[in-house]
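These are my notebook entries on a single model. I set down what I looked up, element by element.

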Amino acid sequence: MDLPRELDRLESLLTYGILGGQGPDLTDIAELAAQLCGTRSAAVGFLGEDEVEVYATFGAPMRNIPRSMSVSAAAVERGEPVVLPNIPGALRPDHPFAQDGPVRAFAAVPLTGRDGLPLGVLAVHHTAPLELTDRHLHALRVLADHIMNRLELHRLDAWGGRTLGHARPVEPTRIRRALDAGELVPYLQPIVDLRTGSTVALEALIRWQHPEHGLLPPGDFLPVVEASGLMIPVGRQVRQRGMDALTRIRRLGSSAASIQLSINISPIELARPQLAAELMADLQERALGPDALVVEVTETAAFVDREAAVTQLRALDDAGVQIALDDYGAGHSSLTRLLSLPLSVLKLDRALTSRMLDDPRLETVVGSTVAMARDLGLHVIAEGVEVPQQAVRLLSMRCGYAQGWHFGHADTIDNTMAALRTLARA
């Protein structure tokens, strides 16, 4: 890794405020990684200047590793997975992870921040040679994405003076019971027209109404859902319950009759050849037209299996469903590349909008992105709008729509309906 990029990487790592174990608990993800790969141990580590700081482990000691001795460092330096299914002679005996037995098999995937810089690794280790397949690497990549999601939330909360609670370990079997018991529910957050202030859509966001721990945010359980193969039934149930809610909401009166439901589709779901047909059948069953639905995808989801994704998205677009690109601006997005998708809506990530009032450069980026999207015929929704000044500035940029705490938090279906009734009477 060249020196300027390495300095940028180290500076980026510091912005997360996690060194020294100060961030969210990631032990549950390390444990899940070991379970899914069938290994004795797993660890999350971050590559510093001289050593790998071991942040969370399962079945392995919490001991930092000198950079010169680390096998994981290569995954960070190259930004690519490292897979060693049969290490000749095992790791050297003075390696910290070899103290409790030889390490003969190893795999690591990089943990990459939103700026595209690799910060650390999620790694698994085993005491005997082990075939580590593409399926294992896929599971590790999914878990790595969720590690970074937790760290991004931690960084945002730290900047806002809040702390992020420790995640609770969750077994896949408990998720299945939650699914069967109807504990995984959609919370609805309004998307508003900046010109009129009226609610034009509701985004369905998953929450777990846990009988013992109360309401859990997605960061506490989605890693298990996605990595254990439960994303398809969970996603189906949440969006169907969201559609059921929309049918009730549209009966509230003329002001609510055209409100849309916006749903998030994961990479796993987007790769399924039945997705478009299932969504259309769900709408038809509830007497909802295709224009009632907005399907949100991220750039990552759209390009994991590009051919399958484009096929499903074009089928939905041809049927009249709007396609929205979520989290635009969170990474190294290329709008030219994304034009190969049948997009109707561009959602600006809160990383751009939340600080644009304090950073003239970000404000310029937001303004130019809104103008470019409008020229391409795309509707623009700004996420992360928390204060009225942001809304005013976005409106002056001719951004049409916005979403964020200024307009309302995600709330239960019943509370959302009550709020819409109140607005209808006003």
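The entries below begin with conventions and then take the elements in turn.

**Conventions.** I worked from a predicted model, in which local features need pLDDT of at least 70 and side-chain atom pairs count only at pLDDT 80 or more, while totals for chains, interfaces and linings use all residues. Residues are numbered from 1 along each chain as its sequence is written, and side-chain values use heavy atoms, with hydrogens and water left out. I took helices (H or I, at least four residues) and strands (E, at least two) as DSSP runs, numbered from the N terminus.

**Entry 1: helix α2.** I first located D28, which lies in helix α2 (residues 27-37). Is D28 buried or exposed? I found D28 buried, at a relative accessible area of 10%; buried means under 20% relative accessible area, exposed over 50%, and partly exposed in between (1.4 Å probe, protein chains only). The D28 side chain makes a polar contact with the side chain of R150 at 2.8 Å. I use that term for a pair of N or O atoms within 3.5 Å; within protein, one must be able to donate a hydrogen and the other to accept it, and residues adjacent in sequence count only if both atoms are side-chain atoms. The buried residues of α2 include I29, A30, L32, A33, A34 and C37 as well as D28. After α2 comes G38, with a positive phi near 70°.

**Entry 2: the six-stranded sheet.** I traced an open, antiparallel sheet of six strands in the order β3-β2-β1-β6-β5-β4. Its edge strands are β3 (65-66) and β4 (82-84), each of which pairs on one side only; two strands pair if DSSP finds at least two bridges between them. Within the sheet, six bridges link β1 (residues 41-47) and β2 (residues 51-58) in the antiparallel sense. I noted V52 in β2 as the bridge partner of L47. Helix α2 packs on this sheet and touches β1, β2 and β6 (118-126), contact meaning heavy atoms within 4.5 Å. The direction of α2 makes about 75° with that of β2. Axes here are lines fitted to C-alpha atoms, for helices over the stretch in contact, and angles run from 0 to 180 degrees between N-to-C directions.

**Entry 3: strand β8.** I then examined β8 (residues 199-210), of which ten of the twelve residues are buried, so the strand is largely enclosed by the rest of the structure. Which strands pair with β8? I recorded the following partners of β8.
- β7 (residues 184-193) runs antiparallel to β8, joined by nine bridges; Y187 has L205 as its bridge partner.
- β10 runs parallel to β8, with three bridges; E203 stands opposite S262 in β10.
- β9 (residues 214-216) is antiparallel to β8 over three bridges; W208 has L216 as its bridge partner.

The β7-β8 hairpin has five residues between its strands, and G197 in the turn shows a positive phi of about 80°. The hairpin from β8 to β9 passes through three residues.

**Entry 4: helix α9.** In α9 (residues 275-285) I listed L275, A276, L279, D282 and L283 as buried. Why are they on the same side of α9? They cover an arc of only 125° around the axis, which puts them there; the arc is that of the directions from the helix axis to the C-beta atoms. The face turned away from this buried side carries exposed A277, Q284 and E285. The cover over the buried residues includes α7 (231-249), β10 (260-264), α8 (267-270), β11 (293-298) and α11 (306-319). A287, which follows α9, has a positive phi near 60°.
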